[in-house]
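Please have the sequence and the model open while reading.

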Amino acid sequence: MASQQTTTLAAANMRVGPDKGANLARILRFIEEAADRGADLLVLPELALQGYIDFALRHGTPEYIAQRQYFVSSAEPVPGPATGQIAAAARRHHMYVQVGLAESAGHGNVVFNTAALIGPDGVAGVYRKLHNQAEYPFFVPGEGTPVFALPAARASAMICYDLNFPEVMRAYAVQGAEITLMSTAWPMQGHDPGNDYLGETMDLLGRASALVNQMWLVISNHCEAGAYSSKVDYYGRSQIISPTGHVVACLDQQEGLACHTADLRAEVMFARTEAFFGLSLMADRRPAQYEVLTRSYADPSPTVNQG
């Protein structure tokens, strides 16, 4: 464990498949490995418990129907059996763990793509993916941008596609969050991680999001290759980004942990009072000038000043 002032963060590059039991065993092994490396906070990928969607399956085919039924039948409430096992491991190691899973809610009527934050005392927070239009009907969209008080920092969560919408991390920053934990299943467009547009977008969006909000961002991704019937390669590159937008720990495509130890709040203070011309980008915001961002697309109000 880190000292009282510092926190050790860990982001997992994890191979995930459509086998809930095998995935849970792998999750528990990652917790043990993170504990061996002194981690206080471990982030695991999106849908690390059940595996991600095989989008290549054609709607209405037996394979597609079987996949729909797999997610419905394997989804769990939070707290539930799997999060209970993860909580026991977190308690044993005095650790916090964010894990992605298919969450059953509404008496089993709906399934969310969820990130559960689990600590020594059980479930510390739940975030449901906001932007998941492509995942319907497997998952319904969540609501809300909750912030969770942890011993080392005020924390928040995102899942994959949410990173493309700067409003999400900014919503956390204005609520006092100092770190965002992102569970993702970020694929590549091709098979060369050194020259892949989709992979580059994750790196660029991650650094920019941390920089403009002057807060930490921890990204945990899948790293399997040739996955599902589409043979997709995931980008991996699980990483930890500081409040100045610097990548301070990163993996390539190998399975493992990216770790970094820091005084989280001190680094946020540095970013907001010294690093960028001594300016706090949060203090310099002009919220009243951005009201257009909260309007619905159906709002007929004009957006151009006619004067």
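The model is predicted: local features need pLDDT of at least 70, side-chain atom pairs count only at pLDDT 80 or more, and totals for chains, interfaces and linings use all residues. Residues are numbered from 1 along each chain as its sequence is written, and side-chain values use heavy atoms, with hydrogens and water left out. Helices (H or I, at least four residues) and strands (E, at least two) are DSSP runs, numbered from the N terminus. Two strands pair if DSSP finds at least two bridges between them.

**Sheet S5-S4-S3-S2-S1-S12**

- Six strands in the order S5-S4-S3-S2-S1-S12 form an open sheet with mixed pairing.
- S5 and strand S12 (256-262) are the edge strands, each with a single partner strand, so one side of each has no neighbour in the sheet.
- From one strand to the next, the twist averages 30°; axes are lines fitted to C-alpha atoms, for helices over the stretch in contact, and angles run from 0 to 180 degrees between N-to-C directions.
- Strand S3 (residues 96-105) is joined to S4 by nine bridges and runs antiparallel to it; Gln 98 has Leu 117 in S4 as its bridge partner.
- Strand S4 (residues 110-119) and strand S5 (residues 122-128) pair in the antiparallel sense over six bridges, with a hairpin of two residues joining S4 to S5.
- Ile 118 is placed opposite Val 123 in S5.

**Helices H1 and H3**

- H1 lies across strand S1 (7-13), strand S2 (41-43), S3 and S12, and runs at about 40° to S12.
- Helix H1 (residues 20-36) packs with helix H3 (residues 81-93) at an angle of about 10°, their axes 10 Å apart.
- That makes H1 roughly parallel to H3 (angles under 35 degrees count as roughly parallel, over 145 as roughly antiparallel, 65 to 115 as roughly perpendicular and the rest as oblique).
- The contact (heavy atoms within 4.5 Å) involves residues including Leu 24, Ile 27 and Glu 32 of H1 and Ala 82, Gln 85 and Arg 92 of H3.
- By class, the residues of this H1 and H3 contact are eight nonpolar, two polar and two charged (Ala, Val, Leu, Ile, Met, Phe, Trp, Tyr, Cys and Pro count as nonpolar, Asp, Glu, Lys and Arg as charged, and the others, Gly among them, as polar).

**Sheet S6-S7-S8-S9-S10-S11**

- Another open sheet of six strands, with mixed pairing, has the order S6-S7-S8-S9-S10-S11.
- Strand S6 (148-149) and strand S11 (247-250) stand at its edges with a single partner strand each, so one side of each is left without a neighbour in the sheet.
- S6 and strand S7 (residues 154-159) run antiparallel, joined by two bridges, and Ala 149 stands opposite Arg 154 in S7.
- H4 packs on this sheet, touching S7, strand S8 (179-183) and strand S9 (216-220), and its direction makes about 170° with that of S7.
- H5 also packs on the sheet, touching S9, strand S10 (239-241) and S11, at about 30° to the direction of S10.

**Loop residue Ala 153**

- Ala 153 is in the loop between S6 and S7.
- Ala 153 is buried, with a relative accessible area of 3% (buried means under 20%, exposed over 50%, partly exposed in between, with a 1.4 Å probe and protein chains only).
- Leaving aside neighbours within four places in sequence, Ala 153 contacts Phe 148, Glu 178, Ile 179, Leu 264 and Arg 265.
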